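Please consult the sequence and the model alongside the text.

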Amino acid sequence: MPKPAYIRIADELRKGIRDGTYPPGSRLPTLAALAGAHGVSDIVVRQAVAVLRAEGLVETRRGGGTVVRIRPPVRRMAMERYRVETAPRPEPATSFTHDQRIGWHEYRLDRAYDRVDADAELAALFLLPVGTGLLRRRFVFWARGEPQQISVNYLPWDLVGGTPVADPDREPWPGGTPAQLAYLGHPPTRVEESVRARMPDPEEAGTLRMSEGVPVITVTRRMFSGEHVLEVCRDIVIPADRVVLDYSLDL
């Protein structure tokens with residue numbers, strides 16, 4: 001059974017994007033030109049472009065036609081990145097600045113703090129009773145003037161209340177959360193992460209300036225000091241086209 005015309009046109013344009021005929025930042029032919037070349041109506045061409053837009057390959061700009069998306073630099077994340085935050089360094093750094101290969105002056109951190117009670121999921125992650133007081137911190141991480149990730153992390157209020165760790169004006173804190181826990185006398189000894197993929201919600205897509213059709217990677221993290229869970233991050237949210245997760249296992 002032959003493919004519908006809009007699928008054939010989408011396939012041809014996708015091939016041109018991948019082989020460099022239409023490089024990142026370039027405009028696709030106009031709707032009229034594509035319709036004439038393929039002997040179809042503008043509606044069929046719009047359907048083809050909608051397929052590519054949903055795949056995150058192109059974006060439509062008002063007055064600027066349809067443009068091939070410029071792929072952002074891919075950041076590699078490995079479990080070893082947390083060692084950056086616990087090892088002495090000649091200048092301030094965190095795992096984020098290390099991953100992004102940026103200096104401290106290129107790093108920006110938007111933050112919002114509030115006190116909340118642990119819901120059932122957070123209580124299970126912390127191994128604490130439901131309703132336990134927590135400090136909730138929502139961060140937006142920026143590198144080179146662009147938002148790169150969102151994280152929402154939680155710390156027990158009994159641990160951080162009234163300390164500099166609960167003061168948003170102290171951020172960004174060199175060494176990040178591991179350095180903060182060490183400052184409080186509980187250096188982290190283990191990190192656990194669970195990774196999922198999903199589509200972003202509208203707030204996430206807008207905050208991270210994402211194109212339509214791009215999913216996000218979400219990382220739920222727990223930091224332990226000994227047997228105690230002292231931090232839960234639910235979640236770290238990163239556009240999937242900007243990150244590669246590297247993991248290694250010693251056998």
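Leaving aside its neighbours within four places in sequence, with which residues is I236 in contact? The section on I236 returns to this point.

## Basis of the model

The structure is a predicted model, in which local features need pLDDT of at least 70 and side-chain atom pairs count only at pLDDT 80 or more, while totals for chains, interfaces and linings use all residues. Residues are numbered from 1 along each chain as its sequence is written, and side-chain values use heavy atoms, with hydrogens and water left out.

## Residue I236

I236 is found in strand β9; helices (H or I, at least four residues) and strands (E, at least two) are DSSP runs, numbered from the N terminus. Its contacts, meaning heavy atoms within 4.5 Å, are with Q149, I150, S151, I217, T218, V219 and R221, once neighbours within four places in sequence are set aside.

With a relative accessible area of 5%, I236 is buried. The scale is as follows: buried is under 20% relative accessible area, exposed is over 50%, and partly exposed lies in between, with a 1.4 Å probe and protein chains only. I236 and I217 stand 19 residues apart in sequence, and their C-alpha atoms are 8.0 Å apart in space.

## The cavity

One cavity of 30 Å³ or more is found in a search of the whole structure. A cavity is a set of points, on a 1 Å grid over the protein atoms alone, where a 1.4 Å probe fits but cannot get out; lining residues have an atom within 4 Å of a point. The largest cavity has a volume of about 330 Å³, where grid points are joined across faces, edges and corners and a volume is the space filled by probe spheres set on the points.

The lining of the largest cavity comprises 30 residues, and E85, S95, F141, T177 and R221 lie nearest its centre. Elements giving two or more residues to this lining include β3 (75-78), α5 (95-100), β4 (107-117), β5 (133-143) and β9 (228-239). By class, the lining has 14 nonpolar, eight polar and eight charged residues; Ala, Val, Leu, Ile, Met, Phe, Trp, Tyr, Cys and Pro count as nonpolar, Asp, Glu, Lys and Arg as charged, and the others, Gly among them, as polar.

## Helix α8

The most is given to the lining of the largest cavity by α8, with four residues. Six of the eight residues of α8 are buried, so this helix is largely enclosed by the rest of the structure. The buried residues are G176, T177, P178, A179, Q180 and L181, and they pack against α4 (83-86), β5, β6, α7 (157-160), β8 and β9. After α8 comes G185, with a positive phi near 90°.

Helix α1 (residues 5-19) has 15 residues and reaches 21 Å from its first C-alpha to its last, close to the 21 Å expected at 1.5 Å a residue; the expected span is 1.5 Å times one less than the number of residues. Its buried residues are I9, A10, L13, R14, G16 and I17. They cover an arc of only 160° around the axis, which puts them on the same side of α1; the arc is that of the directions from the helix axis to the C-beta atoms. On the other side of α1, K15 and R18 are exposed.

V40 lies in the loop between α2 (31-38) and α3 (42-54). At 22% relative accessibility, V40 is partly exposed. Residues up to four places away in sequence not being counted, V40 touches A5, I9, A35 and V45.

Technical notes. 1 Å grid on protein atoms, 1.4 Å probe; cavity = no way out; pocket = protein on both sides within 12 Å on 5 of 7 lines; lining within 4 Å.
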